[in-house]
Structure formats: C-alpha cells, structure tokens
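Here's a quick briefing to read with the model open beside you.

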Amino acid sequence: MLHIALRLLDYKNSIVILPVVVITSIILGIVSFNYFTLTANEVQELALNDLETNSEIEVYSISNMLSNSIFFVNSNLERIINSPSIINWNITGIDRLLTLSQNTTDQLTDGYYLLDKNGTLVTFTGKDREQNSRYEGINLSHRDYFQIPKRNGELFISTVIDSNDSVPRVYISLPIAKNIQTGQTASTEINDIPFLNSTTFEGVIVASVAAKTLGNFLESQMHPKFNGDIGFIDRNGTIIYSSNQSFIGVNFFGNDFQSYMQSILKDKEEGFNDIINRAMNSENGVEEFKFENSTTTIAYQAVNVPNRDQSSNRIGTLFITVPHTLSVEVIGLIDTLIIVNFFIILVIASISLIVAIMLLRWNTILKENVSQKTSQLTESIGKLEQANEDLKTHDKLQKEFINIAAHELRTPTQAISGNLELIEMMYIPSIMQNPADNTNELRKEFEAVLEDEEKLRDFTKGLQSTYRNSQRLEKLVNDILDTSRIESNRLEIHKERFNLNEKIQNVIKDITKRSNDIGTPNDPERQVNIFYQPKIDPILVNADKIRLFEVLSNLLNNAIKFSEGKPIDITVEKVTNSKDSEKVTKNQSFISSRIDDDTPSEMVVVSIIDHGKGIDKDILPRLFTKFATKSNQGTGLGLYITRRIIEAHKGKIWAQNNKDGRGSTFSFNLPLE
C-alpha cells in the first residue's frame with residue numbers, strides 16, 4: 001500500500017509539474033516572441049535610418065555639385081558682360097570669351113550665345129557649332145530666355161525648352177545693359193527704377209544645357225555602388241531630368257502625367273503627390289513611400305543659385321529614390337522566429353524544466369549577439385555621421401577652390417584680353433586683321449610706336465604684362481593637371497643621375513632672372529637675395545630632373561612670397577643612416593609622413609630658410625594638403641604637388657616656424673642611390 005501511495009504521490013506531482021512546465025514554457029515563449037519582434041523592429045529601424053542617411057548624403061552632395069556648376073556658368077556670363085569686348089561690341093573678342101567659357105564648363109553646357117537687342121543670334125560657340133551654323137542670324141526674340149531678362153534685368157534659368165534643332169535644353173541668360181552717359185556695361189540689376197532710366201538694353205548672353213548632358217552630369221556624380229535613381233524637377237513642377245527620357249519637359253502636376261501616375265499607383269498617387277509637394281516647398285528631407293509589397297526611400301534637396309544681391313534663387317529640387325523591401329524581409333524573419341519559438345516551446349513542454357532553463361540561457365546568448373550587432377550598427381552610424389562631416393568639409397574646400405580657381409583664372413585671362421585689346425585700340429589697330437591685306441598699314445603703325453618713346457614704353461609694358469599673366473595662367477593649369485594626375489595615380493617619374501648642387505644653382509639663377517625681369521629697378525622689395533654655398537660637391541642623386549626643378553621652384557617661390565624682401569638661405573647636408581634621418585625629422589612641428597622601416601640608409605636633406613612672417617598656425621597642420629592657403633593669390637596646390645613628387649621619390653618633406661620667431665624652414669630629403 002505504501003508503494004502504491006508513493007506512486008500516486010509521484011503521479012500527482014507530475015500532474016502538477018507538467019502544467020507548470022507547459023505554462024512556464026508558454027510564458028517564456030511569449031516573452032521570447034515579443035523580444036524577437038522588438039529586436040526585429042529595431043533592426044529594421046536602424047537599417048532604414050542607415051538607408052535614409054546615405055540617401056540624404058548622396059542627394060546633398062549632388063545638389064551642391066549642380067549648384068556650384070550653375071554658379072560657375074553664371075560667373076562666366078557676368079565676366080563676359082563686363083568685358084571690354086562687350087563694351088566695344090567686338091565680335092572677335094566676344095567669340096574668344098564665349099569659346100573660353102564653353103571650354104571651362106563643357107561637362108555641363110553645350111553652348112554660349114550672344115543675342116542683340118532685337119533678339120537676333122549674333123554669334124555663338126559650342127559642341128555643334130559647325131552643324132548649327134545655319135541658325136546664325138536667326139531671330140530668337142520670342143524665347144523666354146530673351147524676353148524675361150529684357151523685362152526684369154535679372155538672371156533667368158528656364159525650364160526644358162525644345163530648341164530649333166529639336167534638342168531639349170535648359171537655358172541660363174543674363175541681360176546686357178549699357179549706361180547711357182558712360183557707355184559702360186551696367187552690373188547693377190536693371191529693374192531698379194532710377195538705374196533703368198539711365199541704361200539701355202543691348203541684348204543677352206545665354207548658356208545652354210542639354211537635358212541629356214545634364215542627366216549624364218547628375219548620373220556621373222552618383223557613387224557607382226549606390227543603388228538608386230535620380231530626378232530633377234524645376235520650381236514650376238517641370239521634369240528637367242528623369243531616368244525615363246520620355247518624361248523630360250513634362251509638368252509633374254499636369255493632367256497627362258497625373259493620369260499616368262493614377263494608372264501605375266492606383267489609389268496611392270495622392271500620397272506620392274503630397275511627398276512631391278512637400279519637397280517643392282522645403283529645402284531638404286527624406287520620406288518613405290509604401291506601395292504594394294515594397295517601400296521606396298525618397299530623399300530630396302533644393303538646388304539654389306545665389307543672385308547678385310547674395311539672395312538665394314531656387315531653380316528646382318533634386319530627388320533620389322531607393323526602392324527596398326525591408327518590411328517584407330523583416331516579416332519573413334519574424335515568421336521564421338515564430339516557428340522556431342513554438343518548436344522550442346513544444347520541446348520544453350515535453351521533456352523538462354531543464355530545457356526551459358537552457359532556452360533562457362540561449363535567449364541570453366541571443367540577447368548578447370543582438371546587443372553586439374546593435375553596437376556595431378551604432379558604430380556604423382557614427383562612421384556615417386563622420387563621413388557626412390567629411391563630405392561637408394570636402395564640399396567647403398571644393399567651393400573655396402572653385403572660388404579661388406575662378407579668381408585666379410579670371411585675373412590673368414582678363415589681363416591678357418585687356419592688354420591685347422588695348423594694344424589693338426591704342427597702338428596697332430591693324431594687328432588683328434589679315435597681314436596679307438594690310439602689311440603697309442602694320443609697318444606704319446609699328447614705326448609710329450617705335451618713334452614715340454612713351455608709346456614704345458607703354459607698348460612694351462603691355463606685352464610684358466601679357467607674358468607674365470600667360471605664365472601665371474600656364475602655372476595654374478599645370479598645377480591643376482598635376483593634381484589630376486596625382487589623384488588618378490598617373491604621375492610619371494623619369495629618374496636620371498645628376499649633381500644636386502648644379503640643379504639648385506640653376507633654379508636660383510632662373511628665379512633670380514625672372515624676378516629681376518618682372519621687378520622694378522632699385523625696388524628692394526622685388527629684389528631676390530638667395531644664398532647658397534655647397535659644403536659638399538658633387539652630391540649625386542637619382543631623380544627626375546624636371547620634377548625636382550619644379551619642387552625647388554615651388555619652395556623658393558613660396559619663400560620669396562612670404563620673406564618680405566629678406567634674404568633666403570639654402571642648406572644641403574648628407575645623413576648616413578635611417579636613425580640620423582629620423583633624428584632630423586622627429587623635432588619638426590609638422591611632418592608630411594612618418595619614417596618607414598624601409599627608409600634608405602643614405603639620404604640628402606635640403607632646407608630652404610626664409611626670415612619673413614612664418615607659417616600661419618591655422619595652416620600649419622594641413623600645410624601639404626590640397627587647397628591649404630590663406631593668401632589672396634594661389635590655389636593651395638603647389639605644396640601638395642611638391643609633397644607628392646617628393647614621396648614619389650621615396651623621400652619626405654616637412655616644415656616648421658623658426659625658433660627665433662622670424663620666418664620658417666621647409667626641408668625635404670631624397671635617397672642617395
């Protein structure tokens with residue numbers, strides 16, 4: 001009987017324990033299911049935020065690139081309007097300016113045009129000039145890009161217009177207005193009433209942008225691994241660019257396009273239209289549009305171009321759309337988790353409480369994994385935020401470079417153009433004509449200049465100024481080309497063995513001669529005093545002669561610019577091993593790159609010492625990077641190119657302010673092979 005009683009007691013305990021295990025398992029399963037669901041939602045939210053952030057960064061970057069490019073086109077138009085050729089209506093000079101402007105913006109524009117006050121096409125330049133030469137002299141006064149600037153005197157950016165050659169284009173135009181009293185072109189907006197009464201309308205300068213070219217430009221700015229489509233709608237709702245070429249020039253809110261939207265989106269078109277409306281009235285943002293089983297992330301950014309009064313002129317809105325199926329994927333993940341979870345519940349209910357404890361342990365491990373993934377996602381978000389800040393910094397540097405480059409290009413080109421026009425108008429009017437038809441006239445004009453000492457002196461100064469500015473322009477173009485070669489790993493080094501002392505002396509002679517040629521006699525601030533006395537001769541190096549000449553010229557010209565007329569010293573010394581080389585560079589306040597283990601055992605160190613105002617503390621940390629400059633002249637590319645040339649020779653370059661507080665020292669080393 002006792003045995004039976006014990007068996008009944010065990011049975012009753014089993015009956016009590018089994019529901020407890022089952023109920024406990026169900027509770028644990030429900031808790032686990034809710035936890036999985038919450039985790040899946042968090043993962044979805046983090047992934048969605050990641051996608052939205054990438055989309056915002058991409059559309060912001062492309063919008064700024066487009067704004068900068070249109071601003072540069074506007075700058076070209078203003079430079080042409082204010083040029084002497086426009087004042088004198090010199091068609092030959094205007095042709096040159098139009099061609100130069102097209103060459104600087106050919107990645108976006110396909111032509112520049114001059115229309116007179118009657119709307120007649122006087123001259124133009126562009127990619128299809130020969131093909132479209134039949135349109136020269138055509139009357140375009142009915143076009144908005146002529147009528148609207150004529151009426152209000154402001155910068156005008158059109159919607160998509162079908163041109164005479166059946167190519168859809170966007171036009172950017174500025175009016176030409178002359179002051180009645182002075183005859184000079186007016187740079188103030190002509191819709192100002194007092195100013196309007198004192199000016200006359202002379203015509204417009206127009207730049208054209210083919211819709212296809214604009215689309216190629218926008219597509220080229222997108223990262224190749226970014227999976228999205230790009231679109232551009234102007235301020236009036238007209239589609240400027242879309243991946244579907246048939247939509248270009250169609251008004252988004254027009255009946256035709258809205259009918260098309262209804263046929264595709266069915267009852268969802270109103271929600272999509274609301275997103276587009278908000279985008280047209282906002283500066284930027286990102287939204288989600290859900291349709292059927294997919295969701296599309298839509299990021300948008302306003303495209304603005306500054307007016308002459310520094311106000312912002314909105315020309316349209318840029319869109320990037322990225323379709324995805326995050327919700328569907330997360331739902332599938334949740335369904336999988338449900339099946340696994342119920343299976344675990346059944347197993348736990350059928351065996352013992354130990355399995356439930358093991359499940360809790362498994363849940364703990366899963367929580368740790370999820371926490372680790374969440375931490376990784378948080379870290380990724382931090383990196384994306386840092387990348388966004390880097391993009392903003394790069395955009396700021398890019399804008400600064402565009403402004404500096406525009407100024408640096410404008411100054412010599414205007415000087416060259418002005419000097420040549422002055423020579424033509426004041427001294428040799430026949431110089432631009434066919435020499436076969438006016439040989440006698442040219443001879444007389446040259447003889448008149450030679451007989452008049454004042455004219456000859458002024459004529460010579462004009463030629464010298466033209467030569468200096470052409471050299472300055474050539475230097476700027478070469479710096480930009482060298483930077484492009486460096487960035488694309490196409491910088492070529494042709495080494496040969498030569499005496500470094502002779503190369504330094506040749507550079508000193510060249511710089512001294514050029515400085516004296518362009519300087520004013522007996523002007524101490526323009527005189528160059530460079531002292532170099534080699535202690536060891538010869539010093540043979542295996543390097544590229546031309547590139548090393550460029551390095552020495554860059555460093556010496558930089559020293560001259562900031563030496564304030566004080567002498568410049570050059571020293572050269574040999575170091576016998578890598579430890580000596582490290583000792584030379586370790587105490588510098590800025591080093592372009594660290595000493596590597598494979599540093600050659602024998603090095604030569606060249607130092608250029610000036611006694612001017614020294615290196616600005618804000619520039620010092622980024623001295624050898626691109627665009628690092630606080631000078632009114634220069635693009636900040638010279639020291640960057642110099643550094644990359646030295647590094648291509650397996651050398652190092654560094655700089656520091658002198659300990660006495662007067663001037664700075666730039667040094668570089670090269671291996672002795």
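**A quick tour**

Just after helix 16, lysine 650 has a positive phi of about 65°. Helices (H or I, at least four residues) and strands (E, at least two) are DSSP runs, numbered from the N terminus. Keep in mind that this is a predicted model, where local features need pLDDT of at least 70 and side-chain atom pairs count only at pLDDT 80 or more, while totals for chains, interfaces and linings use all residues. Residues are numbered from 1 along each chain as its sequence is written, and side-chain values use heavy atoms, with hydrogens and water left out.

**Helix 16**

- Eight of the eleven residues of helix 16 (residues 638-648) are buried, so the rest of the structure largely encloses this helix. Buried here means under 20% relative accessible area, exposed means over 50%, and partly exposed is in between (1.4 Å probe, protein chains only).
- The buried ones are Gly638, Leu639, Tyr640, Ile641, Thr642, Arg643, Ile645 and Ile646.

- Strand 17 (residues 603-609) has seven of its seven residues buried, so it is largely enclosed by the rest of the structure.
- In a regular strand, side chains alternate between the two faces of the sheet.
- Both faces of strand 17 are covered: Met603, Val605, Ser607 and Ile609 are buried on one side, and Val604, Val606 and Ile608 are buried on the other.
- Strand 17 pairs with strand 15 (residues 568-575) in the antiparallel sense over seven bridges; two strands count as paired if DSSP finds at least two bridges between them. Here glutamate 573 sits opposite valine 605 of strand 17.
- Strand 17 also pairs with strand 19 (residues 664-671), again antiparallel and over seven bridges. In strand 19, proline 671 is the bridge partner of methionine 603, and asparagine 669 is that of valine 605.
- Strand 19 has eight of its eight residues buried, so it too is largely enclosed by the rest of the structure. Ser664, Phe666, Phe668 and Leu670 point one way, Thr665, Ser667, Asn669 and Pro671 point the other way, and all are buried.
- Strand 18 (residues 652-657) pairs with strand 19 in the antiparallel sense over six bridges, with tryptophan 654 opposite serine 667.
- Strands 18 and 19 form a hairpin with six residues between them, and glycine 661 in the turn has a positive phi of about 80°.

**Nonpolar cores**

- The largest nonpolar core has 44 residues, and Leu218 and Phe232 have the most contacts inside it. A core is a set of buried Ala, Val, Leu, Ile, Met, Phe, Trp, Tyr and Cys residues joined through side-chain atoms within 4.5 Å.
- Helix 1 supplies the largest share of this core, at nine residues.
- A second, separate core of 42 residues includes Ile486, Ala559, Ile619 and Leu620.
- Leaving aside neighbours within four places in sequence, phenylalanine 232 is in contact (heavy atoms within 4.5 Å) with residues including Leu66, Leu214, Leu218, Tyr241, Val303 and Ile315.

- Serine 563 lies in the loop between helix 14 (545-562) and strand 15, and is buried at a relative accessible area of 3%.
- Apart from neighbours within four places in sequence, serine 563 is in contact with Ile568, Asp610, His611 and Gly612.
- Over in helix 1 (residues 2-81) you'll find isoleucine 27, which counts as partly exposed at 47% relative accessibility.
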